[in-house]
Amino acid sequence: MALDSKIPQGPIADKWTNYKNHINLVNPANKRLIDVIVVGTGLAGGSAAATLAELGYNVKAFCFQDSPRRAHSIAAQGGINAAKNYQGDGDSTYRLFYDTVKGGDYRSREANVYRLAEVSANIIDQCVAQGVPFAREYGGLLDNRSFGGVLVSRTFYAAGQTGQQLLLGAYSAMNRQIGRGKIKMYNRHEMLDVVIVDGKARGIITRNLITGEIERHSAHAVVLGTGGYGNVFFLSTNAMGSNVTAAWKAHKRGAYFANPCYTQIHPTCIPVSGDHQSKLTLMSESLRNDGRIWVPKHMKDVEAIRAGQLKPTQIAEEDRDYYLERRYPAFGNLVPRDVASRAAKERCDAGYGVNATGEAVYLDFASAIQRYGKEQAHIKGLDENDAALVKKLGQEVVRVKYGNLFQMYEKIVDQNPYETPMMIYPAVHYTMGGIWVDYNLMTTVPGLYAIGEANFSDHGANRLGASALMQGLADGYFVLPYTIGDYLADDIRTGPISTDTKEFEEAEKNVKDRIASLINNNGSHSVDYFHKKLGKIMWNKVGMSRNEKGLKEAIEEISTLRKEFWADVKVPGTADEYNEELAKAGRVADFLELGELFAKDALHRTESCGGHFREESVEEDGPQKGEAKRDDENFTYVAAWEYKGEPKDAVLHKEDLEFKDIELKQRSYK
Amino acid sequence: MSGILNSSIGRKFAMALSALFLMVFLLQHFAINILSVFSPDAFNEVSHFMGTFWAVQYLLQPVLIFGVIFHFVMGFVLEIKNNKARQISYAKNNGAANSSWMSRNMIWSGLAILAFIVLHFIDFWIPEINTKYIVGDMSGMHNGEFRYFHELVEKFHSPLRVGAYVVAFVFLALHLLHGFNSAFQSVGANNKYTKGLKTFSKIYAIGIPAGFIFIALFHHLTGH
Amino acid sequence: MNLTLKIWRQKNASDKGKMVDYPVSDISPDMSFLEMLDVLNEQLIEQGEQPVAFDHDCREGICGMCSLYINGEAHGPDRGVTTCQLHMRMFKDGDTITIEPFRATAFPVIKDLVVDRSAFDRVQHAGGFISVNTSGNTIDANAIPVNKHDADDAFAAATCIGCGACVASCKNSSAMLFVGAKVSQFALLPQGQVEATDRVLNMVKQMDEEGFGNCTNTGACEVECPKGISLENIARMNREYLKAAFKG
């Protein structure tokens, strides 16, 4: 099947308006006759469910958590971008569009990104109207902050809990519709298959996680807002339950999977402390505004630190290597996430890591504390040369700005970051890849939609900070409700979809058989044993930097591990009860397939772009020597994979990306 | 407005209002009793006034009795309801980690106070009512002088009774240590004055019961 | 560290349930409490026993999924943290740790340490929203100025993660801190005023129907709340409720 992205004609600034003026609409009386299933209740799924219900559709919403409010969008810290230009600093729809495309290393679809930038301002209006308590200035108006890699202040925030506040906003909109009976909420339900009838998505099969019951649910369209698949690495900043299962089932039923290898590795996370580690904790990007990143210059100091004979504060200024400032004098510690992460890995690989595992670098606030302390002393007319006083004043300023993050760090690591530098290391954070969708957010399966992080989205090969929340809400509140109407306009005479059909039966049987084989396997290793092994392969060979040899090995190893899993996994308990191990087993089984496709995609893309870094594709000389090298001639396309049984047999389809409004350039942060 | 007493907050509000009323009453009762230490005559006069003035007898007294009964009955009703809200209790519970003993045991301090009130009624209130409304002697006189002070001193001869009073007032103090502020929180007063109010509440909660204890001991020890 | 765990085991909602002792060894002080339970579960699976079921998800203290009553306190002995942020360095080698589910009639046990907190959701359905359609055709965000102090207080109330520690810690199993926080968030914002009367009446009504107990102002909820939600929110809800109730 040829990929048709269905981008509307006309100049980029008019596309969305023109589109909306010409689509089919469903009249309010007919909307009552149409059911829509929304899987996932994060920012994308939650906002879509609420909006579709408001419009009049009968919505059935599903989440595996015990409440829609717990979806992992809640953990987003920093903020949400919007081209409001409240600061009068020259922001505009075009500039947000431009920054996002450039930040994504020119691997996103222009028309989608422009639409995203266009509706971004509405999101803020909407959220304020529904009572989201954004940070404000003393005059009562909304405050903004600046975020990584851009030149304006367009990020709206609610302290370090912006995701939480936005999700609670979407959840409140859902509550209103649940109260009115327009959304039927299914908590603690996991989607285990999509049902296709006559080529259209017409329902899903779910498992009730409390009773184990397998249920059939039908609808005229199915929307997946099921998030990303970072947990394929086992360790990531994702929630423990975040999984690829819904997206992967859709893929197996015909939805192409796009750019699986585009993964964002966030540079400022708390390092792994041991094998017991179950997840990684992110420290907001905002810390890089004031923190300086370094490792010791000399190996003897590194060894002394690891042996506990030397404290980082004892290392003299000239014996420290502020490697980001050294390599990227223009952007310094504020280079984009992918660049900062790779630089940390480079130093640690060279042996300069500062903790026992050798995988940590310092994020140091001492000079910020000095600078702020002196400033405060000056403002207050106190002695700027009193070291103790300056330190105290400076710490106060840092506490106000980052207090909650410092406290979080101290709880986890048991070190006081006001006194000693933090230790950080990159961790898997977000997946730009996902299910391929057209301009309508529809997958290659008619009637099956993917929104938010679950789709391959608007972020290209690298996502800018504070853009994930923007995309999730844009898709759910403002894009999907239009585009899905265009599709559903043909369904007003269809009537209720029966679940007593052979398609539902077949899908249900598949699900039940698979569960039975997991339960009856009676192997010798737990699910986590395999998940951790998969994670190790992914991190070592398909992680921050990739090469042909490693990727080929990874494909083999994952394939072998998958076979081992099915032969030897041990799932205790039964199928008809609350059984977390069973739920986990199903998710890991899907990760074991996705992981292989992920590596295959990384192998085929021999260029370096954004979060995808191929060691073979670096600048050989000139000022950019050693930096990632894109190959626009051969790779300016979206790689959409079609399922054909084994992941290694997946067939590649290319959607060529055209850049009419933005010129392709190399990103330079030197 | 209708059914406000069926709601949790309505009940809480009613509980707080009756508590505030009882605390005002307590202050008034103390003010009169303390007179007995300084001036038996003044005490007698005020007692006679309170015992015979129609507004006190026919308006305030029924309100007070209603307030007392309401506060107790509602206290028990809430306790029963609250117990039902957790039918399986914890195997291990560390209440001291997050709340005061007083706040967790209002029902027990309340029961101790109830026992005291029964004793107090037998001691003073029932004989009063008997003398005034059954026997019909509204004069307040005994052997040619006001009987009130004399009766008071007589009651505090017994060390057992004084002991019971002292214990009861300790419980009253414990009850007030939580109850005073709690009443304000319940009616929605939690603001910049709360800190000052907390200090005042401690003075009140310890001061008033200590004063009553002082009065009882004073009469017991001096014998007049 | 070597520890003895006393854990509530209950097969399903209708099972009676009992405390069971489990020894665990080689626990690192750097582990989080839930990672310690992961170790136990791996051990149980190895031995062919059923692992202990407990709710958890984000493991960074924001989703509100994790619960657990540890040594007599919701989210354990540390302050300002959820169970997933509680670290084993809070305990000593040789300790016995009692682990129970959050207990309240309104939070029935589903299995072992997993409880059903959907009562909270139903309270929210009753009024935890502002009735504005998500069309995007609202007024400009800056057309509604909000006093910074009120905005900060609304935010502080809105940081509630809905974990239920307040209910679990309250001797009366009262949900007033949770509901108070929800009511307060909207009561403090101009956007929330239009529906203020109905909101507080409906939410309190639903709260009562769910079988939560009455607040007696012990303050345990505020101490145990991982997000430090203030008792002021309960007082504010009381005010809002009384205002609404007397208005009719």
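Helices here are DSSP runs of H or I with at least four residues, strands are E runs of at least two, and both get their numbers from the N terminus. This is a predicted model, in which local features need pLDDT of at least 70 and side-chain atom pairs count only at pLDDT 80 or more, while totals for chains, interfaces and linings use all residues. Residues are numbered from 1 along each chain as its sequence is written, and chains are lettered from A and ligands numbered from 1 in the order in which they are written.

**View 1. Chain B, a chain of 8 helices and 2 strands.** Walk along the sequence and you get α-α-α-α-α-β-β-α-α-α. The C-alpha atoms sit in a box of roughly 60 × 40 × 35 Å along the principal axes. Of the 224 residues in chain B, 27% are buried; that label takes 20 or more other C-beta atoms within 10 Å of a residue's own, whereas 12 or fewer makes it exposed and anything in between partly exposed, with C-beta atoms placed from the backbone. Two residues are in contact when their C-beta atoms, again placed from the backbone, lie within 7 Å. Among chain B contacts with a separation of 6 or more, 80% come from residues 24 or more positions apart.

**View 2. Helix α6 of chain B and its buried residues.** The helix covers residues 148–155, and B:Tyr148, B:Phe149 and B:Leu152 are buried in it. Looking down the axis of α6(B), these buried residues fall within an arc of 95°, so they line one face of the helix; the arc is that of the directions from the helix axis to the C-beta atoms. What do they pack against? The buried residues of α6(B) meet α1 (8–38), α2 (40–52), β2 (145–146) and α8 (194–222) of chain B.

**View 3. An open, mixed sheet in chain C.** Five strands line up in the order β2-β1-β5-β3-β4, where two strands count as paired if DSSP finds at least two bridges between them. At the edges are β2 (18–24) and β4 (73–74) of chain C, each pairing on one side only. Further in, β3 (residues 69–70) and β5 (residues 96–100) of chain C run antiparallel and share 2 bridges. To find your bearings, look for C:Ile70, which stands opposite C:Ile99 in β5(C).

**View 4. The two domains of chain C.** Domain 1 takes in 3–111 and domain 2 takes in 117–247; such bounds come from an automatic or database domain assignment. Their centres, taken over C-alpha atoms, are 29 Å apart. Where the domains meet, domain 1 of chain C puts in 18 residues and domain 2 of chain C puts in 17. The domain 1 side of that contact has 9 nonpolar, 7 polar and 2 charged residues. For these classes, Ala, Val, Leu, Ile, Met, Phe, Trp, Tyr, Cys and Pro are nonpolar, Asp, Glu, Lys and Arg are charged, and the others, Gly among them, are polar.

**View 5. Chain C against chain A.** Here 65 residues of chain C contact 65 residues of chain A. On the chain C side, α1 (33–46), β6 (109–111), α2 (118–125), α3 (148–158) and α5 (176–187) each give two or more residues. The top contributor is α1(C), with 6 residues. Sorted by class, the chain C side comes to 28 nonpolar, 23 polar and 14 charged residues. Of the 2 pairs of chains that touch, A and C have the most contacts.

**View 6. Chain C against chain B.** This contact draws 42 residues from chain C and 37 from chain B. On the chain C side, β5, α6 (196–209), α7 (220–224) and α8 (232–247) each supply at least two residues, and α8(C) has the largest share with 9. The chain C side divides into 16 nonpolar, 16 polar and 10 charged residues. And chains A and B? They do not touch, and their nearest C-alpha atoms are 20 Å apart.

**View 7. Strand β11 and A:Ala50 in chain A.** In β11 (residues 263–269) of chain A, 7 of the 7 residues are buried, so the strand is largely enclosed by the rest of the structure. Strand β11(A) runs antiparallel to β15 (residues 422–431) of chain A, with 5 bridges joining them, and A:Gln264 stands opposite A:Tyr430 in β15(A). A:Ala50 lies in helix α3 (residues 43–55) of chain A and is buried, with 34 other C-beta atoms within 10 Å. Leaving out residues up to four places away in sequence, A:Ala50 touches A:Ala170, A:Ala173, A:Met174, A:Gln177 and C:Thr134.
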